[in-house]
Amino acid sequence: MTKLFALAGAFAIAAALSAGPAWAQDTSSDESAGSQDVGQSNPTGAPQAYTTPPAAPVLFITSIEVVQTTLDPKQAIIKVRGLTGSRGWSGPQLVPLYEGVPADGILDLQFIAQTPDQTQKAESFVPIYAISPLDPGDKLPKTIRVRGVGNVMLLTQLPGTIETTITKEDGSKAVGKTWAEKGTAPAGDNVVREEDMPRNFRIIPPKKGVAGITHNMNRLNLVLGEDGKTITWAFWE
């Protein structure tokens with residue numbers, strides 16, 4: 001059975017997943033400007049136990065590469081690149097979408113990582129990647145599919161590569177611009193359009209409440225000023 005592995009920031013291959021992998025942490029900063037702690041309040045003042053942030057799919061997949069090694073034991077290596085909405089993601093890995101051998105011969109994977117434990121200021125999309133070798137001697141699947149939150153990529157020629165460019169709004173230059181609902185404005189330097197937004201975004205108007213912070217680090221939030229149009233803050237929840 002194929003064992004999946006993952007690494008970030010290095011080209012060495014980790015130990016087998018079934019033996020307990022050791023994930024390399026990313027080197028990006030975990031700081032967040034103007035962010036709000038999303039942990040539960042503790043009115044007694046007693047220290048709280050640390051909990052590992054949950055894992056979630058990364059926002060976008062940008063490339064899939066499969067190479068075949070030439071030295072024994074020969075094996076295929078899968079490398080997937082993607083984008084997260086903010087800094088602070090760690091432990092990237094590729095995991096099967098489901099257990100067992102698929103009837104259609106497609107190896108179906110999710111690209112996941114541990115989320116930041118706080119909201120993060122929208123600065124730009126952040127590259128992330130994972131590497132997964134197949135077991136030596138394993139037959140290459142005919143196709144590899146990798147899923148993120150906002151897109152899916154399919155590699156049909158193995159070994160081989162496929163890549164794409166993401167053009168969605170990352171929120172880094174949204175502050176000070178005007179919010180435009182879908183179909184109300186052409187693309188321009190001074191507007192942020194609904195049709196250019198990533199999946200699951202949220203607009204927060206000045207005179208409406210919010211249900212709370214749900215710690216969905218794949219959701220971009222845009223806060224509008226008193227005029228109900230100008231974006232005053234952008235953050236990933």
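I began with strand 2 (60-68) and strand 3 (76-84), which pair in the antiparallel sense over 8 bridges. Strands are DSSP runs of E of at least two residues, numbered from the N terminus, and two strands pair if DSSP finds at least two bridges between them. In this pair I found Ile64 opposite Val80 of strand 3.

I noted that this is a predicted model, where local features need pLDDT of at least 70, side-chain atom pairs count only at pLDDT 80 or more, and totals for chains, interfaces and linings use all residues. Residues are numbered from 1 along each chain as its sequence is written, and side-chain values use heavy atoms, with hydrogens and water left out.

Then I turned to strand 15 (residues 231-236), which 2 bridges join to strand 6 (residues 120-121), running antiparallel. Gln120 stands opposite Trp236 there. Strand 15 also pairs with strand 14 (residues 220-224) in the antiparallel sense, over 5 bridges; Val223 has Trp233 as its bridge partner.

Which residues touch the most other members of the largest nonpolar core? I listed Ile78, Val80, Leu94, Phe111, Ile144, Val146 and Leu222, out of 39 residues. Such a core is a set of buried (under 20% relative accessible area, 1.4 Å probe, protein chains only) Ala, Val, Leu, Ile, Met, Phe, Trp, Tyr and Cys residues joined through side-chain atoms within 4.5 Å. Strand 14 and strand 15 are among the elements that give two or more residues to this core.

Key: Helices (H or I, at least four residues) and strands (E, at least two) are DSSP runs, numbered from the N terminus. Buried means under 20% relative accessible area, exposed over 50%, partly exposed in between (1.4 Å probe, protein chains only).
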